[in-house]
Amino acid sequence: MSKIWVKVGALNVARQLCELRQLYPHGTGRIARNRLQWQCALQPSAFSRTYRVEIKYRLGNLPVIVVWHPCPRELSGGRKPPHTYAGEADPLCVFYPAAQEWNSSMPIARTIVPWSCEWLLHFEAWLFTGIWEGGGTSHALLNETTESQAQIINQRNP
Amino acid sequence: MNRLLLKPEGHLAKMQIVQMLDAVCQAIEPTETQYSDATGRYQTIGDFLAEKGSPLHCYGPVVYPQGSMRIKAAIRPVNGKEFDVDLVCEFRKMPQQDPKVVKRLVWDRFHNSERYRTMAAEKNRCVQIKYEGQFHMDVMPCIPGDDGWAMVGGVWVPDKKLDDWKASNPAGFARFVETAAAKIPRQQVLFANRAEAKSADVEPLEVEDTFTKPPLIRIIQVLKRHRDEYFRNNHDDAPISVIITTLATHSYDRAVTHNTYSSVYDLVLDVVEGMLDFVRIDSSTTEYCIPNPSHPEENFAERWNENPMLADWFFAWRSKVGTDLRLLAQQEEGVDKVGKLMESAFGSTAANQAVRSLSASVRDKTANRLVGVTSTGLIVPEGFGIRTVSKNPPHTNHGS
């Protein structure tokens, strides 16, 4: 279980950062002690705000996505935005870990970033309608997944 | 075709506004089921008036729809759920020349019926049959117009207030709208360089870029809904639907005949702007004139000349709807802010549907691998002419 995220062919953090820089040249990132930290301004639609999004990633863990500014929780008047994990600044849940939609061989730039853009668009729509139209599963319906999710989040590098 | 639009991001925003306006209309118009229910009901009414044994049988009554139900531009009123269904009951063989008698024949037929008595009410030019919670069916009796005039659908309608016949042409008016609505707008393709521009051709707008119904019908619905919201508290000052429909149809017809557009949204703005050109002012009397295109002696703006405030209200509203539509595509403060604008323009239910449709369309396209993102995170449909850096792979948002 704890090894599923480090596949044969896993991309190391340097490769991940390299691709992020190539695809999103105005983003900024660094690697410190094997930990990737990358920030970028993203605007998911012509109508949308421009959000400062941060992605933190260490090989063997899941990428953690946080929206720093404008802060979703402030925009929603204190309501917890849908499809976020518990934790500081409501990290986004943009894929379903149990379905193995993401693994360490996949470039963050071509998965996590586009998915985060979608999240932002669905979030803005949710602010107005109160209904999440982005699709997805619910923690409430999948308790066992929540636990495995926590395990994965907490696991250390092999 | 390898083409690049010069301002692709702006073009995308315009396409999405059109998509949202389409959702607004879908939220407020009768469903296909309601249309077919209404059709069933009016056919039953037609049979009831014409059946053997009916005192009207010998007058050859024919019932057919008119107005927004006929051109499929009907919308729900802002307060309530009942749609207006306007029907014509034309007596093809009517020896009677007295308008009161003709009107009474229809009234008596309904009033003497167990089934319709409690549903029927007499109005100035029609008998209204109420289907609680569903529709009002306004049955307007009439007889064929004079020779020649009748050839193009002209009829005489009993008018209670005038105590006389009033000329009308409901079928001709519907044809006027339907003919214009059938004209397909032409797309102006913007090219990145001269070589491409040289080989440029005019072609119909892509399906993706346009409404799910003829653009003219959608424009009429958008305008009528905006009018209903704008005049929510002073309904009597609102321009009547036939004025909006006439002006929008003239303007659309001119727009698609003479111009090409880089987006359906630009067409919508141009049509709304151009409506003003079809309000005429008679040079000798300085009176407002909006002739009925299917019966030019009739002036739809007659009431404006009796009460010029109505004209002022029309111009104020027309200006507001133009501004509101323009502002929609200029929003950069959030999809939720677009929703707020739509809410004040078209009401909360319609605005909700519009915003949900934008979100749902991105979800569905992702599931089918049909979107990508640009280097600034802009989500773009495949083949839109905007350079993307990555496709969006299908995925499942997780978490509560």
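**Where the chains meet**

Tutor: Let's start with one pair: A:Glu133 and B:Arg356 form a salt bridge, and their closest N and O atoms are 2.5 Å apart. Keep in mind that this is a predicted model.

Student: OK. How many salt bridges are there between chain A and chain B?

Tutor: Three salt bridges are counted between chain A and chain B.

Student: And how many residue pairs are in polar contact there?

Tutor: Between chain A and chain B, 21 residue pairs are in polar contact, counting pairs with both residues at pLDDT 80 or more.

Student: Which elements of chain A give two or more residues to the side that touches chain B?

Tutor: Those are β2 (35-42) and α3 (112-129) of chain A. The one that gives the most is α3(A), with 12 residues.

Student: What kinds of residues are on that side of chain A?

Tutor: The side of chain A that touches chain B has 28 nonpolar residues, 16 polar ones and seven charged ones.

Student: How many residues are in contact from each chain?

Tutor: Chain A brings 51 residues and chain B brings 47.

Student: And what area is buried between them?

Tutor: About 3900 Å² is buried between chain A and chain B, with carbon and sulfur atoms giving 57% of that. On the chain A side, the residues that lose the most area to chain B are A:Phe47, A:Phe128 and A:Glu133, and together they make up 25% of what that side buries.

Student: Nice. New topic: what domains does chain B have?

Tutor: The domain assignment gives domain 1 (14-29 + 209-362) and domain 2 (33-168) in chain B. Their C-alpha centres lie 28 Å apart. The contact takes 17 residues from domain 1 of chain B and 16 from domain 2 of chain B.

Student: What area do those two domains bury between them?

Tutor: Domain 1 and domain 2 of chain B bury about 1400 Å² between them, and 53% of it is on carbon and sulfur atoms.

Student: How many salt bridges link these domains?

Tutor: Zero salt bridges are counted between domain 1 and domain 2 of chain B. The rule does find seven residue pairs in polar contact across that interface, both residues at pLDDT 80 or more.

How values were computed: Residues are numbered from 1 along each chain as its sequence is written. Chains are lettered from A and ligands numbered from 1 in the order in which they are written. This is a predicted model: local features need pLDDT of at least 70, side-chain atom pairs count only at pLDDT 80 or more; totals for chains, interfaces and linings use all residues. Side-chain values use heavy atoms; hydrogens and water are left out. Contact means heavy atoms within 4.5 Å. Buried area is the accessible area (1.4 Å probe) that two parts lose on being put together, summed over both. A salt bridge is a side-chain nitrogen of Lys or Arg within 4 Å of a carboxyl oxygen of Asp or Glu. A polar contact is a pair of N or O atoms within 3.5 Å; within protein, one must be able to donate a hydrogen and the other to accept it, and residues adjacent in sequence count only if both atoms are side-chain atoms. Helices (H or I, at least four residues) and strands (E, at least two) are DSSP runs, numbered from the N terminus. Ala, Val, Leu, Ile, Met, Phe, Trp, Tyr, Cys and Pro count as nonpolar, Asp, Glu, Lys and Arg as charged, and the others, Gly among them, as polar. Domain bounds come from an automatic or database domain assignment.
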